[in-house]
Amino acid sequence: MNEFYEKLKKATVGIAGLGGLGSTVAVALARTAIGNLVIADFDTVEKSNLNRQHYFINQLGEYKTDAMIENLKQINPEVKVEGYKQKLTAENIPEVFADADIIAECFDRADQKKMLVETVLTKMERVVVVTVSGLAGYGRSNEIVTRRISNRLVVIGDGNSGTDLNLPLTAGRVWLAASHQANAIVEILVDEIIK
Amino acid sequence: MNVLKINDTEKKFESDLPATLDRLLEQLNVNAETVVAEVDGRIIERSEFDKTKLHSGQTIELIRFVPGG
């Protein structure tokens, strides 16, 4: 048991995007006592986010990065959190997440998801990326799956349910996917990444 | 008979294979802007899609991204 928490304490996880996926992954990993988180988002908290994202009414208008740092402090002050407010690009991702063992892809747009995964796999050695495709809608819980594509790539989701199909984003289904992400991250940190 | 293994499923081609990865995506109706491609375990960058020649027996993984997060 001690070894489990020791490994997590030494780990650094990058979270790219702090919406429904990213805010949930951040909360789950802070509660699991991951040692270091690097969180990045350029957006501010809006009312429409509150149906599934881990922010509060009094945080409307704040940068998501700042709001999440506050919230994580309330949950587990032991976790070191670094926040970035610039837009993530193929050029700055290797720098922003230079210390990360694993990166959670938590973007909304499909082209941004692809950009991040491609950047990590081609420009960052050894770093694992845990990405999501297909989480919109409601019900169909068991269609959300975790697939290990290769050593460095994990893909979560049903592969098909996008917001482009006019499906709503609901807390339960978004959190299912985010929980798959957090769970896969802990598994890889503990079982595979030796520090 | 030419065969490509795409996302764990064997796809047989009666005539020639699509010459490049770009052409394959076109045939499959997959938008190259929202897909990550691996050929025989090697990640192919978007800029290399039209230069990546395909051969029978290759294993191709196409990760198609849909919006939502």
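This is a predicted model: local features need pLDDT of at least 70, side-chain atom pairs count only at pLDDT 80 or more; totals for chains, interfaces and linings use all residues.

**The sheet of chain B and its setting**

Analyst: In strand 2 of chain B, B:K11 is the bridge partner of B:L4. Strand 1 of chain B covers residues 2-6, and strand 2 of chain B covers residues 9-13. The two run antiparallel and are joined by five bridges. They form a hairpin, with two residues between the strands. B:N7 sits in the turn. The phi of B:N7 is positive, about 45 degrees.

Strand 1 of chain B also pairs with strand 5 of chain B. Here the strands run parallel, and two bridges join them. B:K5 has B:T59 of strand 5 as its bridge partner. B:I6 has B:I60, again in strand 5 of chain B.

Now the whole sheet. It is open and has five strands, in the order 2-1-5-3-4 in chain B. Its pairing is mixed. Strand 2 and strand 4 (42-44) of chain B are the edge strands, and each pairs on one side only. Neighbouring strands are turned against each other by 30 degrees on average, direction ignored. A helix of the other chain packs on this sheet: helix 5 of chain A, residues 110-123. Helix 5 of chain A touches strand 3 and strand 4 of chain B. Its direction makes about 35 degrees with that of strand 3 of chain B.

Next, the contact between the chains. On the chain B side there are 17 residues, and they are in contact with 31 residues of chain A. Strand 3 (35-39) and strand 5 (59-64) of chain B each supply at least two residues of the side that touches chain A. By class, that side of chain B has seven nonpolar, four polar and six charged residues.

Helix 5 of chain A leads on to the sheet of chain A. This helix lies across strand 1, strand 4 (102-105), strand 5 (128-132) and strand 7 (153-157) of chain A. It runs at about 165 degrees to strand 5 of chain A.

The sheet of chain A is open, with seven strands in the order 3-2-1-4-5-7-6. Its pairing is mixed too. Strand 3 (80-84) and strand 6 (145-150) of chain A stand at the edges. Each has a single partner strand, so one side of each is left without a neighbour in the sheet. From one strand to the next, the twist averages 20 degrees. Within this sheet, strand 1 (residues 12-16) and strand 2 (residues 36-40) of chain A pair in the parallel sense over five bridges. One of the bridge partners is A:N36 in strand 2 of chain A, which faces A:T12 as its partner.

Last, a helix pair in chain A. The axes of helix 2 (residues 20-31) and helix 6 (residues 171-191) of chain A come within 9 Å and cross at roughly 45 degrees. That angle makes helix 2 of chain A oblique to helix 6 of chain A. The crossing of these two helices is right-handed. Helix 2 of chain A contributes A:G20, A:L21, A:T24, A:V25, A:A28 and A:L29 to the contact. From helix 6 of chain A, the contact residues include A:V174, A:W175, A:A178 and A:I185. The residues of this contact divide into ten nonpolar, four polar and no charged.

Definitions and conventions
Residues are numbered from 1 along each chain as its sequence is written. Chains are lettered from A and ligands numbered from 1 in the order in which they are written. Two residues are in contact if their C-beta atoms, placed from the backbone, lie within 7 Å. Helices (H or I, at least four residues) and strands (E, at least two) are DSSP runs, numbered from the N terminus. Ala, Val, Leu, Ile, Met, Phe, Trp, Tyr, Cys and Pro count as nonpolar, Asp, Glu, Lys and Arg as charged, and the others, Gly among them, as polar. Two strands pair if DSSP finds at least two bridges between them. Axes are lines fitted to C-alpha atoms, for helices over the stretch in contact, and angles run from 0 to 180 degrees between N-to-C directions. Angles under 35 degrees count as roughly parallel, over 145 as roughly antiparallel, 65 to 115 as roughly perpendicular and the rest as oblique. A crossing is left-handed if the near helix is turned anticlockwise from the far one by less than a right angle, and right-handed if clockwise.
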